[in-house]
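Biologist: I'd like to learn how to read a protein model. Could you walk me through it, one feature at a time?

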Amino acid sequence: MQLYHHPYSLDSQKVRLALEEREIDYISYRVNPLKGKNMDSSFFRMNPSAKLPLLKNGGTIIYDTLDMIQYIHRINVSSFDSQAAVLDDKALEWMRKIQGWNPKVFTLSHVPEKYRLFVSTFIRRVVMARMAESPDLASMYRSRLQSAYDTEEILKDPDVMKQSEDQLVRLLDDAEQQLTEAPYLAGQEYSVVDSMFIPVLARIELLNLEDKYINCRPKIAGYWKHVKCRPSYVVVIGKYFSGWRKYKTLLSTVIMTLNEVPVSSFNYGITTNTVKQLQFMVPLQNCKVSAFMNISLTDPFVCTRARSYAFVSFCLCGSFLALKHLQLEQNQRRQRF
């Protein structure tokens, strides 16, 4: 079994949690959208939507998250227990409810507009470059390009953003009610429903919104504290998002992107001091990357690229926390002098 995913992808987290909880062996392939790898022709032929994750088991290819979760549930249950292999109506209802919430709209609504536009421009350029490389896939790439334009239009509508937030609130309120009756969403034991719900809470915490959405709901707050102790959470989410490790992972991805992806004409500027801080926060063990960073400290144009791709990384992952931390430190220094 092969899983194509990225640790920052919310749907990837759902599928990986289900796999880890069931202790199913799988081969992990990390597809980094920050480098446009999900737009590569080899991946695009398997999944024209370019969305993550993608599950491949022999000749079976699945790229719908709900279908993946149900597939994982079926193969984990004994073939002699046909009833247990089918999820009950309550579990399916919860799964559809969780999957019905769009984290993309909610996440991008908490990102400044100029950064959203930058990310959109980046995605369109990647799609057009891939289209030129693989003319036989031009029609599918054009569809993906239209999707990028549609996203821009959707995010201009404040009603859509409000609907996304309202839908999240309803989901959390329903979960709070359910957790007053049972320790888990589908009953007395952990299930695939919880594997789908936990990444939603992780996204809220990543955006630094836990006080607004989690801590004000005591049952969810207790549930969240409890599930974060599970080994599967540590492997899938905690490994990347706990404490300063989430900043290190974000910045490591930025530096790898800088080292491998060509840049044309992005112009957002960055100070040499900020690049030095990035270098300090992310230990550089790769000589090639270290050499690149040494050049970037003396090359204003390369510094411009650093800021550009840093913003791509933070936007796509839904977090500007590390950048805010750097800006806060800079403001504190200015106040001292």
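Modeller: Take Asn47: leaving aside neighbours within four places in sequence, Asn47 is in contact with Leu54 and Tyr63. Before we go on, this is a predicted model, where local features need pLDDT of at least 70 and side-chain atom pairs count only at pLDDT 80 or more, while totals for chains, interfaces and linings use all residues. Residues are numbered from 1 along each chain as its sequence is written, and side-chain values use heavy atoms, with hydrogens and water left out.

Biologist: Where does Asn47 lie?

Modeller: Helices (H or I, at least four residues) and strands (E, at least two) are DSSP runs, numbered from the N terminus. Asn47 lies in the loop between helix 2 and strand 3. Overall, the protein has 17 helices and four strands.

Biologist: Is Asn47 buried or exposed?

Modeller: Buried means under 20% relative accessible area, exposed means over 50%, and partly exposed is in between, with a 1.4 Å probe and protein chains only. Asn47 has 0% relative accessibility, so Asn47 counts as buried. Across the protein, buried residues make up 51% of the 337 residues.

Biologist: How do strands pair up?

Modeller: Two strands pair if DSSP finds at least two bridges between them. Here strand 1 pairs with strand 2 (residues 27-30) in the parallel sense, over four bridges. Strand 1 also runs antiparallel to strand 3 (residues 54-57), joined by three bridges. Leu3 shows both sides: its bridge partner in strand 2 is Ser28, and Leu3 stands opposite Leu55 in strand 3.

Biologist: What kind of unit do strand 1, helix 1 and strand 2 make?

Modeller: A crossover is right-handed if, with the strands pointing away from the viewer, the path from the first strand over the helix to the second runs clockwise. Strand 1, helix 1 (residues 10-21) and strand 2 make a right-handed β-α-β unit.

Biologist: And how do I read aromatic pairs?

Modeller: Rings of Phe, Tyr and Trp (its six-membered ring) pair if their centres lie within 6.5 Å; planes under 30 degrees apart count as stacked, over 60 as edge-to-face and the rest as tilted. The structure holds nine aromatic pairs. One of them joins Tyr4 and Phe43, a tilted pair at 6.0 Å centre to centre with 55 degrees between the planes. Tyr4 lies in strand 1 (residues 2-5) and Phe43 in helix 2 (residues 41-46), so this pair ties together parts that are 39 residues apart in sequence. Tyr4 counts as buried at 15% relative accessibility, and Phe43 does too, at 4%. The rings of Tyr184 and Tyr190 have centres 5.9 Å apart and planes at 75 degrees, so that pair is edge-to-face. Ring pairs link Tyr184, Tyr190, Phe197 and Tyr223 into a cluster.

Biologist: Which charged end sits over the ring of Tyr190?

Modeller: A charge sits over a ring if NZ of Lys or CZ of Arg is within 6 Å of the ring centre and within 35 degrees of the ring normal. For Tyr190, the charged end is that of Arg230, 4.1 Å from the ring centre. Likewise, Lys97 lies over the face of Trp94, at 4.4 Å from the ring centre.

Biologist: Which residues does Leu201 touch?

Modeller: Leu201 is found in helix 9 (residues 192-206) and is buried, with a relative accessible area of 0%. Not counting residues up to four places away in sequence, Leu201 touches Leu172, Ile214, Ile220, Tyr223 and Trp224.

Note on methods:
Contact = heavy atoms within 4.5 Å.
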